[in-house]
Amino acid sequence: MDPVASSQLTESLVKRLAGPSTGKAGLAKDQTEINRIIAEASKGSKFYENEKKKDKDLTERIARILKLRGEAIEGVDLTKIEHHVDKIIIDLENERDLSQVIVHFDMDAFFANVELLHNPTLKGKPFSVGGGVISTASYEARKYGVRSGMPSFIAKKLCPELILLRSHFEWYNEESNKVFTILRRYDPRLSAAGCDEGYLNITPYLQKHNLTPGECVEEIRRTVHAETNLTVSAGIAPNMMLAKICSDKNKPNGQYHLAFDSKAIIDFMGDLSIRKVPGIGRVNERLLESVGVKTCGDVYTHRAVLYLMDKQFGLRFLLRTYLGIASNEVKPYERNERKSIGAERTFPPLSSTKDMLDKLEEVAAELESDMESSGWIGRTVTLKFKLDTFQVFTRAKSLNHWVNKKEELFAVGKELLFPELPTSVRLIGLRVTKLKDLKASTSEGIKRFFGPAQQATSGSKRKASDIDEDEADDASVDQEEHDSDDDVMPGFHEQDEADIDPSQHDVDDDEELQIIQPLANIRKRPPNSVPGTSISHQLTLRSRSKSAGPSRSHGAAIAEPSTTTSTPSETHTCPICNEALTSNNTSLNEHIDYCLSRDAIKQAQGTSTKGNKVLSSGDTTKEYALNGFKRLKLRPDPPVKSKRKG
DNA sequence: GCGGATCAC
DNA sequence: TATGGTGATCCGC
Ligand SMILES: Nc1ccn([C@H]2C[C@H](O)[C@@H](COP(=O)(O)OP(=O)(O)OP(=O)(O)O)O2)c(=O)n1
Ligand SMILES: [Mg+2]
Ligand SMILES: [Mg+2]
């Protein structure tokens, strides 16, 4: 039975309820039936109501985008714009670098297969790992539609024989470390991107051993299996984005080698769902679909509209995905890339102030412990809370001094929480940003030459230190044996300095990317770093109705007065010259004609400045490539409340 | 600097 | 009955 036809459910809501992890490896037989069961099980819950609201908001946002599109294309000569975009494509094509062999490795059903090592009798059975929410499922369970992020009670409905296992993070860390250690034999620059995946640039290794990429990757995968009894899949391609997409192609326990050829790559991308592109999630998938873009190839078809709506969609990002162009710089995570550290906890909704403060205190203690053992202090504290309606809010406060003590974390959290009361919350969290590294080897600038930085420093001045002070006093630095490693993957902390080349080579997309890239330029031929790509633009048409404050009731959220779209003079930014425009159609068209007629293109690209936020938006590269894997937080397995049986 | 959103794993 | 935790980034204010 069709869940949409048989009720007032919309297609988008049914799909949303099915979760973000659909379309992953391990196909299911009848997704419609699965979605029906999920929607059925969800209906009426607070979670469901919240999802429904989010879906409605998104639908409205799409309506605004379509309206904008209608206005933008009215009377415009699309052919002319297409020609212009074709020129941009030629420039982008020149960024293409096929010289490096990049491989992305991703462990198969990672948590599940690690569990299998400890309990082989589960082999071949449908089982999942997690708690109330499933972290991952065995491939047998996936056939039933069980997947990451799904609540266990729904998974049970989909697969009554499903075996639910609790997590053992120490085990996953252990295996993860083993695997990464193996991978580093083939390229010490391994870029870990999560606990179960990472990138290698095997170009030098291939040369030295006179191997083909396929042979080499088979060998690596064989070795991983031999030494861990775990299977891994891999993708071989000229850059990280493509390699990641490819590693999914022959999952599980397979590999895929993309031809290193411009046309072959474009063909490959042509049919590919845009949702497969790292950075395009459920929301952006829907937004793009609304303007006809479902595959990467559709980007080309709709290039004129995407050009006109560059602010909403990010033309250059999309063109790169269409072309299959992305960064190929593989480098390890560095400790100083960390931006925040936090802890949060979900519990049955609480309304009493005392109960909430108790939770806050627990979270503060846990955060203190983590900050202490990993060697960080920070000066901005952010409280996060989720109402029993599932609406999430954050409240932040920046301080003049460094904090990491539970008493102060708790005090600040309390201060941030009180104005929100009374309310009923199901989650409380604390996060600290503006970090300072207590383990940094002396002040930045001078790097240490030898040995792991022992904490030295005396300090111990207690109490608030001025943040201007460069040396980290305060925050007793007294961990020693406890260590258990820090939050950085073992390996090298700092390979060496190397000159930092501040001159970005970016054509136009400016911005960050590799401010610091220690190893890359040691190589004689530094891999081309394509500026990157970013979904960035979260298509914000100005009108995220600010929703009501947390204390207000859920349904009451009325779009606040003005600020909403519809105001006839939307401002646009001309993607050619970056000039701000008023979207009066005639003037917009005239302007575009003008820009197209003069050969302003090169000039614009050369001079593009920060003014242009959209195109700029840095590089999502980081999201899937530069992210180091910080060890999974080990926490004692939660007390198993034995179910009944008594 | 803050808060909401989106995304990945 | 019942929908996780950690960290990053981007955008508009
Ligand atoms: N929402 C999620 C997604 C993943 N994970 C954890 C469990 C996974 O085992 C691990 C790796 O994530 P993957 O996306 O690589 O998924 P799997 O390795 O489980 O399966 P696949 O074979 O598809 O890679 O991260 C999680 O806890 N919560
Ligand atoms: Mg995996
Ligand atoms: Mg993975």
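**Ground rules.** I am working from a predicted model, where local features need pLDDT of at least 70 and side-chain atom pairs count only at pLDDT 80 or more, while totals for chains, interfaces and linings use all residues. Residues are numbered from 1 along each chain as its sequence is written, chains are lettered from A and ligands numbered from 1 in the order in which they are written, and side-chain values use heavy atoms, with hydrogens and water left out.

**Magnesium, ligand 2.** I looked up which protein atoms hold this ion. The donors are Asp106 (OD), Met107 (O) and Asp196 (OD), at 2.0 to 2.2 Å. A donor here is an N, O or S atom within 2.8 Å of the metal (3.2 Å for Na, K and Ca), and sites may look incomplete since water is not among the atoms. Along the chain, the donors follow the spacing D-M-x88-D. The site has six donor atoms with angles of 81 to 178 degrees among them, and is octahedral. For six donors, that label asks for opposite donors over 155 degrees apart and all others between 65 and 115.

Where do Met107 and Asp196 lie? Met107 is in strand β1 (residues 102–107) and Asp196 is in the loop between β5 (191–192) and β6 (197–201), so the pair ties together parts 89 residues apart in sequence. Helices (H or I, at least four residues) and strands (E, at least two) are DSSP runs, numbered from the N terminus. I also found Met107 and Asp196 both buried. Buried means under 20% relative accessible area, exposed means over 50%, and partly exposed is in between (1.4 Å probe, protein chains only).

**Magnesium, ligand 3.** Asp106 (OD), Asp196 (OD) and Glu197 (OE) coordinate this ion at 2.1 to 2.4 Å. The spacing of its donors is D-x89-D-E. I get 3.5 Å between the magnesium ion (ligand 3) and the magnesium ion (ligand 2), with Asp106 coordinating both. Asp106 in β1 and Asp196 in the β5–β6 loop are 90 residues apart, so to speak a link between distant parts of the chain. Both Asp106 and Asp196 are buried.

**Record check.** UniProt lists residues 102–281 as "domain: UmuC", in an unreviewed entry. Its positions are given in the numbering used here, feature names are shortened, and annotations may be inferred rather than shown by experiment. In the model, that span is 42% helix and 18% strand, and its end C-alpha atoms lie 24 Å apart.

**Helix α5.** I asked how many of the nine residues in α5 (residues 110–118) are buried. Seven are, which leaves the helix mostly covered. Phe110, Phe111 and Glu115 are among them. The cover includes β1, β2 (127–130), β3 (134–137), β4 (163–165) and α8 (169–184).

**Cores.** A nonpolar core is a set of buried Ala, Val, Leu, Ile, Met, Phe, Trp, Tyr and Cys residues joined through side-chain atoms within 4.5 Å. The largest one has 52 residues, and those touching the most other members are Met269, Ile274, Val299, Leu306, Phe313, Leu318 and Leu319. Elements giving two or more residues to this core include α3 (46–73), α12 (262–270) and α17 (315–323). A second, separate core has 37 residues, including Val114, Val129, Ala192 and Ile220.

I then took Met269 and left aside neighbours within four places in sequence. Its contacts (heavy atoms within 4.5 Å) include Met241, Leu242, Cys296 and Tyr322.

**Salt bridges.** I counted a side-chain nitrogen of Lys or Arg within 4 Å of a carboxyl oxygen of Asp or Glu. The whole structure has 33.

- Lys15 and Glu285 meet at 3.7 Å, N to O. Lys15 lies in helix α1 (residues 11–17) and Glu285 in helix α13, so parts 270 residues apart in sequence are tied together. Lys15 is partly exposed at 46%, whereas Glu285 is buried at 19%.
- Lys53 and Asp57 meet at 3.0 Å, N to O. They are four residues apart in helix α3, about one helical turn.
- Arg335 and Asp437 have their closest N and O atoms 2.7 Å apart. Arg335 is buried at 9% and Asp437 at 16%.
- Arg16, Glu51, Lys54, Asp55 and Arg286 are linked in a network.

Conventions. Tetrahedral: all angles 85-135°; square planar, octahedral: opposite > 155°, others 65-115°.
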